[in-house]
Each structure stands twice: as structure tokens, then as C-alpha cells.
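Here is a short report on ring contacts and strand pairing. Please look at the model first.

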Amino acid sequence: MILPAGIRPAVPADLDAITPLHAEARATYYRGRIPDHLFDSAAEHARTGEGWARAVERGDVLCAVLPDGELAGVAAYRVDGEGTVTLTQLHVAPARWRHGIGSSLHSACLAAWRRAGMSTARLEVYEHNERARAFYAARGWAPDPDGPRAGAHLVLTLRLSGE
């Protein structure tokens, strides 16, 4: 059964659910490609937890929450400068893939960015994460013509104005 997810800003109390969801989602595309300790160690969980806490404090995190209160997905972004925003994270609990949660989070991000007057969005996606690459391509993201790569990540952009 597919349950609708409500999208809302994250609050500090969400951090206990965000950090493990983030770790579980990352493991699906990193495991077997990079050493586990780089994405699945106590030190890495602490580091990413601190990053999520800063983003929640800034108000730059949206949560997808199921009717029963379960956190099913999370997205984070940062404003880089006048008119430009970067989607830094978008993760859905693997057990909730293909339920529309990622699409709902993505749409909520776009709406927030447009309300804030952003004209261009960018993101970096791990080159081996085929699922994410297909997700973003289906929503109009394209390689950044000024810098299509950042190490093992592809840089994608999306125009937010004039759509």
C-alpha cells in the first residue's frame, strides 16, 4: 500500500531519524564501490549527523513524513548566492522507494526555491548512482555545461525560472 507523505520543515527532534535514513540510503549506492568506513562508520555517522544538524538549524531541510509519523525521506539544500541554490541531499528510505516520496520532496524543494526567487539549482550525484541519475534526468536536470564533473560525481543543473 502506498501512503501519502506530508512534507514539512525538519526540526531538531527529527535528527535521530534523519541520520540513520541518510546512512541506509547512501549504503545502497556506495557499498561495494568505496570502502565501507567512508560511509558507514561511527566517525562518518557523527560527521554527517553534525552536517544535518547545521542544515536543520538553518531551516534548509524538508522531511517527508508518513501519516503514522515515520520519516520516509529527507532533502537538504543551501543558497549559494544570488539566484542559485544547491540540492545537497535527497534521500528516501529504501523500503519506501517507488512510492512518490522522492518526487514529493523534489517538488517541495522546487516550490520553496521559486518562492525564494532562485533561478538556478545545482546538485552533485554519484556517477554510479543510476537510480538517482534517472530520477533527476526525468525531472529536467542536465549536466552543468560549465563543469559537468566533481571527482566521482556528476554536476547537474536545473533552470527554475521561465518554466
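## Strands and hairpins

Opposite Leu71 in S3 stands Val65. The model is predicted. Strand S2 (residues 61-65) pairs with S3 over five bridges, in the antiparallel sense. The two strands form a hairpin, with five residues between S2 and S3. Gly69 sits in that turn and has a positive phi of about 95°.

S3 also pairs with strand S4 (residues 84-92). Eight bridges join S3 and S4, and the strands run antiparallel. This is a hairpin too, with two residues between S3 and S4. Its turn holds Gly83, with a positive phi of about 85°.

## A ring pair between strand and helix

Three aromatic pairs occur in the structure. In one of them, the ring centres of Tyr77 and Trp113 are 5.7 Å apart. Their planes meet at 80°, so the pair is edge-to-face. Tyr77 belongs to strand S3 (residues 71-81) and Trp113 to helix H3 (residues 101-115), so the pair ties together parts 36 residues apart in sequence.

Both Tyr77 and Trp113 are buried. Within the strands, Tyr77 stands opposite Leu87 in S4.

## A ring cluster

The rings of Tyr136 and Trp141 have centres 5.8 Å apart. Their planes lie at 70°, so this pair is edge-to-face. Tyr136 is buried, at a relative accessible area of 7%. Trp141 is buried as well, at 5%.

Ring pairs link Phe135, Tyr136 and Trp141 into a cluster. Arg139 lies over the face of Phe135, 3.7 Å from the ring centre.

Conventions:
Residues numbered from 1 in each chain as written. Predicted model: local features only at pLDDT ≥ 70, side-chain atom pairs only at ≥ 80, totals over all residues. Heavy atoms only, no water. Phe/Tyr/Trp six-rings, centres within 6.5 Å; stacked < 30°, edge-to-face > 60°. Helix = DSSP H or I, 4+ residues; strand = E, 2+ residues; numbered from the N terminus. Buried < 20%, exposed > 50% of the residue type's maximum accessible area, 1.4 Å probe, protein only. Lys NZ or Arg CZ within 6 Å of the ring centre and 35° of its normal. Pairing = 2+ DSSP bridges.
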